[in-house]
Amino acid sequence: MCEITLLMVQQIEEMSTFPRISLKPEVADHLRSVFLNKEVLAAVGHQVAESRFQKLLTCLSHPPSHTCIRASTHLAPLEEIRHKLAEELEKQMCSSSAGEVAVQIVPHPRIPDVLLLPVDGPRPVKQLSSEVVVGAQCGSAVLRGAHVFAPGIVASPKYMKAGDAVSVLSDSEGRCTRGATSFQGNRVFVGNGVAQMDRSAIFCTEEPVKGVGVRMVEPLYQSPSFDGVLPDMAFLQNLPSVVVGHVLGPRPGERILDMCAAPGGKTCHIAALMRDQGEVVALDKIRNKIGRIRQNAQMLRLRSIKVYCFDSTRAVSSDPTAGAEGPPFPPESFDRVLLDAPCSGLGQRPNMSCTWSLKEICSYQPLQRKLFQAAVGLLKKGGVLVYSTCTVTLSENEEQIAWALETFPCLMLQPQEPHIGAEGMLGAGLSPERLRLLQRFSPELTWDQTAAPLPCRADGDTIGFFIAKFLKN
């Protein structure tokens with residue numbers, strides 16, 4: 001790195017609680033070439049482009065500054081859900097602290113079924129000598145308000161007993177051996193808690209371990225635990241994922257396809273926006289994920305959802321006389337199609353480490369194109385197709401849109417409502433007019449704007465995400 005880049009990295013790290021996301025060198029180099037591509041450099045210059053890239057690597061390892069709740073407004077008014085949620089969370093927080101606690105819950109100004117709760121952090125928490133090490137995924141969940149569930153624990157003190165005060169550290173690179181009594185590799189402190197199990201109950205058992213292993217009492221980032229809190233009224237979902245449902249714009253009486261539906265959050269949102277009138281077909285090719293979609297639909301009291309275990313790349317029937325009840329379906333069977341595509345997931349937060357190779361990161365584009373082809377075939381003329389991913393690469397986002405517009409002349413990009421993210425990123429040869437019709441959630445653009453009010457901050461401080469909306473002529 002040059003001296004200017006090193007200085008920039010140092011300044012960004014001074015604002016940070018955690019190190020930047022750990023990537024394989026080949027992946028970091030590839031991402032840098034994406035974010036410093038020729039079109040970007042011509043538009044903003046090297047220093048701005050480099051700064052944005054370094055901020056991206058930093059913010060990916062940190063949790064967003066808010067928790068986003070999708071309210072079940074098909075069951076009750078938003079204000080009623082907000083009131084009930086405040087009551088439940090205040091009870092929860094009073095039971096774990098002395099005195100009354102006021103919970104701030106803010107309605108989103110532009111999205112009618114979203115409630116926002118600020119995350120308090122990083123907080124001044126002193127690390128203890130007794131340490132429990134958890135997997136990176138478990139550590140990320142703790143940073144977003146969860147307790148430590150026993151399957152996520154990979155190391156604990158040799159004589160740990162239920163009731164012991166412990167510090168929780170995340171094994172950011174996945175190198176700790178399960179059952180170890182200590183670990184000195186790269187780990188990140190995420191807070192303090194109280195052990196709910198003896199060590200022997202976690203590691204010395206033939207049965208799969210279940211339940212809370214450490215109850216967090218001093219998390220580094222404080223946000224409420226939603227485990228069992230109003231499960232039919234308040235659904236935890238990242239803000240861009242809620243935006244997708246509104247951009248799709250489902251209407252009562254329509255037939256809508258969610259091509260890669262598990263775990264069913266977007267499927268259920270579509271059905272709720274239709275007031276449960278019409279039909280939402282949910283497909284996913286992984287059988288053990290299908291039950292989760294049905295479970296969420298049942299919990300949210302939605303009856304318009306039909307779930308099938310099926311590979312969406314084969315969802316278009318070659319037999320025009322085939323019935324339209326289950327997959328594969330005749331061409332032009334759906335009014336709207338959501339393709340929330342499998343992707344490299346590089347926009348997820350917090351994520352302290354990605355161990356994937358460059359080959360794995362770049363492997364999704366062909367699959368996404370097969371799914372896209374099926375989506376276009378299944379969409380009626382005059383219908384709407386929404387494509388989305390939770391990644392930050394050009395090849396899975398803007399490059400896919402350029403390919404789709406060239407491959408399918410029947411598709412036209414459409415304005416999105418709401419449009420609270422940034423426009424599309426330069427680098428795929430798309431015109432400024434087309435880029436403005438895309439919606440890219442880019443947390444690096446607002447990483448240092450910490451003084452903004454919560455609703456404004458929440459729109460920028462999200463996971464990395466991408467949305468495109470098409471009309472089929």
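This is a predicted model: local features need pLDDT of at least 70, side-chain atom pairs count only at pLDDT 80 or more; totals for chains, interfaces and linings use all residues.
Me: Which residues of helix α6 (residues 136-143) are buried?
Reply: In α6 that's C138, G139, S140, V142 and L143. Buried here is under 20% relative accessible area, exposed is over 50% and partly exposed is in between, with a 1.4 Å probe and protein chains only. Helices (H or I, at least four residues) and strands (E, at least two) are DSSP runs, numbered from the N terminus.

Me: What do the buried residues of α6 pack against?
Reply: Strands: β4 (131-135), β5 (148-149), β7 (165-171), β8 (187-195) and β9 (212-219). Contact means heavy atoms within 4.5 Å.

Me: What order do the strands take in the open sheet?
Reply: The order is β5-β9-β8-β7-β4-β6, an open sheet of 6 strands with mixed pairing. β5 and β6 (153-155) are at the edges with a single partner strand each, so one side of each has no neighbour in the sheet. Two strands pair if DSSP finds at least two bridges between them.

Me: How many bridges join β4 to β6?
Reply: 2 bridges, and the strands run antiparallel. V134 has I153 in β6 as its bridge partner. α6 packs on this sheet, and its direction makes about 105° with that of β4. Axes are lines fitted to C-alpha atoms, for helices over the stretch in contact, and angles run from 0 to 180 degrees between N-to-C directions.

Me: What comes just after α6?
Reply: G145 does, with a positive phi of about 110°. G145 is also one of the residues touched by S225, along with L89, Q92 and H147, not counting residues up to four places away in sequence.

Me: Where does S225 lie, and is it buried or exposed?
Reply: S225 is in the loop between β9 and β10 (234-236). It is buried, with a relative accessible area of 11%. The C-alpha atoms of S225 and V142 are separated by 9.4 Å, though the two are 83 residues apart along the chain.

Me: Switching topic: is strand β3 (residues 114-118) enclosed or open?
Reply: Largely enclosed by the rest of the structure, because 4 of its 5 residues are buried. β3 runs antiparallel to β1 (residues 66-71), joined by 5 bridges, with H66 partnered by P118. β2 (residues 106-107) also pairs with β3 in the antiparallel sense, over 2 bridges, and V106 stands opposite L116. β2 and β3 make a hairpin with 6 residues between them.

Me: And the largest nonpolar core, which residues touch the most other members?
Reply: I305, V386 and I467, out of 40 residues. Helix α8 (residues 239-248) gives the largest share of this core, 6 residues. Another core, of 35 residues, lies apart from it and includes L283, L339, A374 and I401. A nonpolar core is a set of buried Ala, Val, Leu, Ile, Met, Phe, Trp, Tyr and Cys residues joined through side-chain atoms within 4.5 Å.

Me: Last one: at what angle do α2 (residues 25-35) and α4 (residues 46-59) pack?
Reply: About 135°, with their axes 9 Å apart. A28, L31, R32 and F35 in α2 meet H46, A49, E50, F53 and L56 in α4.

Methods
Residues are numbered from 1 along each chain as its sequence is written. Side-chain values use heavy atoms; hydrogens and water are left out.
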